[in-house]
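Please study the sequence and the three-dimensional structure shown below before reading on. The paragraphs that follow are meant to be read with the structure in view.

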Amino acid sequence: MRESIIMKIHYGTALGAVVLVAVHILYRITMMSFGDSLEYENVVANYKFVPYAIMLELILVLLSVHGFNGLRVILLELKQGKSYEKVVTYGCLASMAILIAYGSRTILMTSMGMT
Amino acid sequence: MTDPQIVEEQSSAESSSSKTVTLRMAKFNPEHDSGTQFVNFQVSYERWTTVLDAILDVKKHLDHSVAVRYSCRQASCGSCGMKINGRPRLACFTKISELNSDVITVEPMNNYPIVRDLVVDLERMFDTHKEMKPFIIREDSEITTNTKEFLQTPEQVEEYIQFANCIKCGLCNSACPTMATDSSFLGPQALTQAYRYVADNRDKGKNERLKIIDDSHGIWRCHFAGSCSQVCPKGVDPAMGIQMLRGHLLGFKK
């Protein structure tokens, strides 16, 4: 994939994450007090509310893509070499996939009431 | 009748007193030295003495072994780039009097392999410069039948002319923080030259050049520190050129 496409995704995910995290925080502080919003029942209720669960899943994907690409860029600047760069790129991709899979599993199980 | 201005200049030259400054010079020969050592020289200077004049004075009278690269002495050739009091500058374009310091430290530029003392190897910079295809790309030419001169309006010239002032001194690459860690980074000099031709309306090689710079060690690794623009002795703004190129790659500019 061309670097310009990767960087467009990088900037796009950053913007998307800022917007969705802002919605998430506003939701926390406008619906009830911040302390109450962290109560077990209220947290589980968020996951059971499908639109909110979708938003949490989107935040997970956006932040994982943005974060692991950022890590890849930092590591590429730190050291150079063909095999090293390959390991970094595929390592970041694999880590991103694992994190998204694990996070999605948690969101899915909680929204289905499997807690 | 004597011109009063000339009389004034002569009298000011007569009354100027020579001061002395400590020239702290880096000495390093990779063939038999393990690290850089600094040697101090006391040199006298006038208001108009440049750092290069002082170095050449040392070379002539105090230490013949000093290695320094220079040529035009008028900031046109870009040969005498070095770190002067911690900042990349052209030695021929930096007057001792303007540094306001009793100690002038001269070192080789950062981010380049050292050949000896103040001389660095600029080969990689010239290679990346060549990689950018620094020439007008188009199928026809001014000497092709039925074509004339490629006339440009002043506005079209304005688009790229400041970037054409680059003298390849390498100060921008030396000041770049990304170049310090990423040895494969193209560098502000090469990227600016890519923009110089992309912005030239006579050139048709835009896509070729954008493809070259759109690499994992290309334009996207610039952090926009802007130090390249700060140190350029010719007033070129590489940081702006790089941002304009990004605009082309992101589709903001046609």
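The model is a predicted one.

The C-alpha trace of chain A spans about 50 × 25 × 20 Å along its principal axes.

How do two helices pack against each other? In general, a packed pair is described by the angle between the two axes and by the distance between them. In chain A, helix H1 (residues 3–31) and helix H4 (residues 50–78) provide an example: their axes come within 8 Å and cross at roughly 140°. Because of this angle, H1(A) is oblique to H4(A). The crossing of these two helices, H1(A) and H4(A), is left-handed. On the side of H1(A), the residues that make the contact include Ile6(A), Ile9(A), Leu20(A) and His24(A), while those of H4(A) include Met55(A), Leu58(A), His66(A) and Asn69(A). Sorted by class, the contact of H1(A) with H4(A) has 13 nonpolar and six polar residues, but no charged ones.

Chain B contains a sheet. In general, the strands of a sheet pair through backbone hydrogen bonds, in either a parallel or an antiparallel manner. The sheet of chain B is open and has five strands in the order S2-S1-S5-S3-S4, with mixed pairing. Its edge strands are S2 (37–45) and S4 (87–90) of chain B, each of which pairs on one side only. From one strand to the next, the twist averages 35°.

The order can be followed pair by pair. Strand S1 (residues 19–27) of chain B pairs with S2(B) in the antiparallel sense over nine bridges, and within S2(B) it is Tyr45(B) that stands opposite Lys19(B). Helix H2 (residues 51–61) of chain B packs on the sheet and touches S1, S2, S3 (81–84) and S5 (103–107) of chain B; the direction of H2(B) makes about 105° with that of S2(B). S1(B) also pairs with S5(B), in the parallel sense and over four bridges; here Val103(B) in S5(B) is the bridge partner of Thr22(B). S3(B) and S5(B), in turn, pair in the antiparallel sense over two bridges, and Lys83(B) stands opposite Glu107(B) in S5(B).

Chain B also has a helix pair to examine. The axes of H8 (residues 188–198) and H11 (residues 238–250) of chain B come within 8 Å and cross at roughly 60°. H8(B) and H11(B) are therefore oblique to each other, and their crossing is left-handed. Among the residues that meet are Leu191(B) and Tyr195(B) in H8(B), and Ile242(B) and Leu245(B) in H11(B). The contact of H8(B) with H11(B) has nine nonpolar, three polar and no charged residues.

The last step is the contact between the chains. How many residues of each chain take part? In chain B there are 13 residues in contact with 10 residues of chain A. The elements that give two or more residues to this side of chain B are helix H7 (177–181) and H11 of chain B. By class, the side of chain B that touches chain A has three nonpolar, six polar and four charged residues.

Conventions
Residues numbered from 1 in each chain as written. Chains lettered and ligands numbered in written order. Predicted model: local features only at pLDDT ≥ 70, side-chain atom pairs only at ≥ 80, totals over all residues. Axes fitted to C-alpha atoms, helices over the stretch in contact; angles between N-to-C directions. Parallel < 35°, antiparallel > 145°, perpendicular 65-115°, else oblique. Left-handed = near helix turned anticlockwise from the far one by under 90°. Contact = placed C-beta atoms within 7 Å. Nonpolar A, V, L, I, M, F, W, Y, C, P; charged D, E, K, R; others polar. Pairing = 2+ DSSP bridges.
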